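Please look over the sequence and the three-dimensional structure shown here before reading the report.

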Amino acid sequence: MDDLLREFLTEATESLDLIDAELVKFEREPNNADILGNIFRLVHTIKGTCGFLGLPRLGSLAHAAETLMGRFREGAQVRPEAVDLVMRSIDRIKAIVADLEVNDGSEPAGSDADLIGALDAMAEKAGASGASSPAIPEEDGEAAAGDGNPDELERLFRETPVEVPSAGASSAAGEAGRPGAPVAVRPAGGAPEPPLASREAPAVHGDDGGTHARGGSAAQSIRVNVETLEQLMTMVSELVLTRNQLLELVRRQEESEFKVPLQRLSQVTAELQEAVMKTRMQPIGNAWQKLPRIVRDLSRDLGKPIDLQMLGADTELDRQVLEMIKDPLTHMIRNSADHGLESPGERAKAGKREAGTIRLAAYHEGGHIIIEVGDDGRGLNTDRIREKAVAKGLASAIDVEKMSDAQIHAFIFHPGFSTAEVVTNVSGRGVGMDVVRTNIELIGGSVNVLSRRGQGSTFLIKIPLTLAIVSALIVEAASERFAIPQLSVVELVRVQKGSEHRIERFKEAPVLRLREKLLPIIYLDQMLGIAGDTRRTGAVEDSFVVVMQVGSRSFGIGVDNVLHTEEIVVKPVSSILRHVSMFSGTTILGDGSVILIVDPNSMAQVMTTGLASGVSAAHKDEAPALTGAHAAETLSLILFRAGSDEPKAVPLSLVTRLEVCDASRIERLTGQDLVQYRGSLMPLVYLDQASRDRAQGERAMLVFTDRGRAIGLVVDEIIDIVDDENFTIEFNSEIPGIMGTAVVKGRATEILDIGHFLPPTFRAVAGPRNVRPAERPRVLLVDDSAFFRNMLSPVLRAAGYDVTVCDGVREAYSHLDADPPYDVIVSDIDMPEIDGFTFVEQLRAGARTRDLPVIALSGLNTPEAIERGRRVGFTDYIAKFDKEGLLAALEEFTADGIGANP
Amino acid sequence: MSMPLATVREESHCQFVTVRIASQLFGLPIWAVHDVFVPQRITPVPLAPAEVDGVLNLRGRIVTAINMRRRLGLPLRDDGDPVVAVGIDFQGEVYGLLVDEVGEVLTLDRSRLTAKPPNLDQRWSAVTDGVFALEAELLAILDVESILASIREDHVSS
């Protein structure tokens, strides 16, 4: 692609966004000649350049649109359908431009006859009816030059360098770029603007932070390739590091002649760094440009008049951050329009102005940027969110009663949560707010919602100014240093035995009493698997707790020492380390050593899942695998009634989701009930025939999923979720499908063997063993399938083993050094990272693990596979569904384990 | 590397940097090696793949240190044993292959490169291009890309 074309594409894309914004305004103010002039000129420039570059398709479409716009300029009446048509044409032009970019400058095949025909027809009609009001002066004779001939173009190019800064263009850009300019109403101030002749150039809204001027001020801004800026940034980072190292060196010498020049170097470096950072900054308005058009379309689709107010659009932030928040912002605006704002009728009834307002504001606050997205709509329905949270199994009915409104509102950020009664094509599909949160947290930001019933909701997004350099707290754990980003740090607490602040053990979980609240603590060294002996025995007396706030979650990180704070340059970890989610990057300290930057989000996840009670299994699955050892400690059961009156239970970890659906939605096919679920058909199973026959009203179901397939177990009523680590399951059942009984909340409860109810393809190991917990042999279970992990671990645990689950070989390695050592490993064969064959080979090569029994668990039961399994060193090879075989093998290999204690 | 790699590789004579890992002699194509240094202060990375000894600072760049003995399934080095790092650039990132010692640069005729024997240990086979039968011993040519790609594939979860 040649440079000229590339330049054109960049400018065209920018112009098109401006046209969108202008058209929205134009529709409201059809008589504003300035706006019309802007649009006309932008379209005209695109058309002209197309002719020059040999892009006939684009050219003729732009020409037709321009002709219609010309009629408006001549005074024809502006009707909404005409604006709509122009917008559709602009959309088509955008699509073609996008294609050009992909296809290296060649126009995509296709015809625009439909649009051109409609545009021409509209123009003719407008021409016939219009031309009554006085035409706008046309000093440049532009309207006449509708064919984009080379002469015209040449003149255009010739004029460009001498143009004065274009007020029209800047007002176009400024409509997104000036504070206090309510878009839908009027551009800032509406001051008289210079005549059209001086405003021919397209708005140049560059990557460098919004320069809208050309001509006289041309020398003041240039376009710079983003890559060049990035490179510059990297080099400055290196310079900062080198400077830090020099400073460190000089600090160690009493008298040094380097001191003064180094001070100067230090200062210059700091200034340079700041200046380079500035080049990366862009006004947030750049991310807002598309919003007026989106809101306009939404307003039309939803039949709700909407005013979009944008404040603080000139607030600057790093372009990298800017890119990352574009999509979340768009989504939130859509949400506000769709769910937040009421229909005009409802609004009138509530005594509100008919047109709803969506307010977007940005401002700086102590090293961060705060973005507010608010509406004056109906506000969040706390009661419905509460119900939904319970129905989805996110919290128990008892829990939600105790929660504050703000806590309840926070549920909207959970995956799959949507309270919209009607799913529209705008939003309400239950994906969205969780994605928004994830994206924002990814860049170290947070999002909260404030809402008052009947008065509207406001989302508060807090994001860092830049991602390249962060302020970090340097801490020490297990004699290693780590950096924790300050953004998430709330305070530091020193803990000592006998002092005001001390860490107490609540069951095994360490907690800290802090201002009447219990703060859960995780030790950094333990989480990273590098804890020494003192931690294990609890002998550490003097340490620090870094109090963290990530989103709505508060927790403490226990560290041995807090050293200092430092502005660190974030360097990404190499690609072979990228999956270690606990670290977000590395940095080089002043003394030249490399340290790792801890990722607060990953920690928060570990924290939540470590403490989880009543959190859905699906949510647990997303958590880093580290929690495996934790999760093994407790068993959560979900209690329900089905068929008979006695409560029944299944391990919560097996259930992905709780759903409610109306019985009328259940479709009956040959012997199989199905329900439409998330875009596909989900088979349903029942505990007994009576349960199936009840075809009235709402049915609750437990949804189990494995690798994308889902199945629903229909139950009569979901009672509760209970956590306990001391369920004693009596495996005394002769009834197929019942694993055994346990006393739960004082009542005998049947524990179901889910495997029995699932279709054969789904069925996995789950079954009874007449064993009581005794000296528990330790089992390491490695399987990439969450379903099998969750299926097997309760069974093995119930059979008296101390089970640690791992989602892959990588994680298994982190557990292998555990003390006491594992007695046996049960490993899947077919895993994405390292497969079971390689794993066992590696184990056999290690001194410690050479003789460890390793049982292969596989769906692959060909004689060849079994032979290969034996050859590479598996102790035994067992089919995935053969739970009896597995338990027998485990018994065999843990000789003095439970086999001896029946 | 500003020199086009293809032309260097296709010449009939190639240069290899020899390194010793345990008792075996290995060769790395000279174009792949951009640095040889003694690693200092390696910061261990918890939870990382076993082959990764840690990260270190080489003139302001972060280097990921790969323990070649572990990658090749050889007995690990004792504390205090000499170790040298061979710095290689791979897809814009710097890696340091930790080896026992770096030898000389050999110029060898590519046509004498023989295919690796089919009964070669799988872990070795995966990272070797072929073998030169030198007078005194065998020189196994390492494929830098495979070494790193295989670690990544093994460990990066889907």
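## Overall make-up of chain A

The structure is a predicted model, and the description that follows should be read with this in mind. Chain A is made up of 902 residues, of which 54% count as buried, and its secondary structure comprises 29 helices and 35 strands.

Among the contacts in chain A with a separation of 6 or more, 68% are accounted for by residues 24 or more positions apart.

## The interface between chain A and chain B

On the side of chain A, 34 residues are in contact with 31 residues of chain B. Together the two chains bury about 2700 Å² between them, with 63% of that area on carbon and sulfur atoms. Between chain B and chain A the count of salt bridges is zero, whereas four residue pairs in polar contact are found across the interface, both residues of each pair being at pLDDT 80 or more.

Several elements of chain B contribute at least two residues each to the side that touches chain A, namely strand 4 (52–58), strand 5 (61–67), strand 7 (93–99), helix 3 (122–127) and helix 4 (144–155). Of the elements of chain B, helix 4 gives the most to this side, with six residues.

## Positions annotated in UniProt

Where in chain A does A:His44 lie? A:His44 is placed in helix 2, which spans residues 33–53 of chain A. An unreviewed UniProt entry lists A:His44 under "modified residue: Phosphohistidine". In the model, A:His44 counts as buried because its relative accessibility is 1%, below the cut-off of 20%.

An unreviewed UniProt entry also lists A:Asp828, here under "modified residue: 4-aspartylphosphate". A:Asp828 lies in strand 33 of chain A, a strand formed by residues 824–828. With a relative accessible area of 2%, A:Asp828 is buried.

## A buried loop residue

A:Leu687 is found in the loop that runs between strand 25 (680–686) and helix 23 (689–693) of chain A. Is A:Leu687 buried or exposed? The relative accessible area of A:Leu687 is 18%, so this residue is buried, the cut-off for buried being under 20%. A:Leu687 and A:Leu713 are 26 residues apart in sequence, and their C-alpha atoms are 7.8 Å apart in space.

## Salt bridges within the chains

Side chains of opposite charge can pair when their charged atoms come close. Over all chains, a search of the whole structure finds 28 salt bridges. One of them joins A:Asp112 to A:Arg92, with the closest N and O atoms 2.8 Å apart. This pair links distant parts of the chain, since A:Asp112 is in the loop between helix 4 (80–102) and helix 5 (113–129) of chain A, while A:Arg92 is in helix 4 of chain A, the two being 20 residues apart. A:Asp112 counts as buried at 4% relative accessibility, whereas A:Arg92 is partly exposed, with a relative accessible area of 23%.

A salt bridge is also formed by A:Arg359 and A:Glu372, whose closest N and O atoms are 3.3 Å apart. A:Arg359 lies in strand 5 (residues 356–365) of chain A and A:Glu372 in strand 6 (residues 368–375) of chain A, so that the pair ties together parts 13 residues apart in sequence. At 33% relative accessibility A:Arg359 counts as partly exposed, while A:Glu372, with a relative accessible area of 15%, is buried.

In chain B, B:Asp121 forms a salt bridge with B:Arg123, the closest N and O atoms of the pair being 4.0 Å apart. B:Asp121 counts as partly exposed at 35% relative accessibility, and B:Arg123 likewise counts as partly exposed, at 25%.

Technical notes: Residues numbered from 1 in each chain as written. Chains lettered and ligands numbered in written order. Predicted model: local features only at pLDDT ≥ 70, side-chain atom pairs only at ≥ 80, totals over all residues. Heavy atoms only, no water. UniProt positions renumbered as here; feature names shortened; annotations may be inferred. Helix = DSSP H or I, 4+ residues; strand = E, 2+ residues; numbered from the N terminus. Buried < 20%, exposed > 50% of the residue type's maximum accessible area, 1.4 Å probe, protein only. Contact = heavy atoms within 4.5 Å. Buried area = accessible area lost by both parts, 1.4 Å probe. Salt bridge = Lys/Arg side-chain N within 4 Å of Asp/Glu carboxyl O. Polar contact = N/O pair within 3.5 Å; in protein donor to acceptor, adjacent residues only side chain to side chain.
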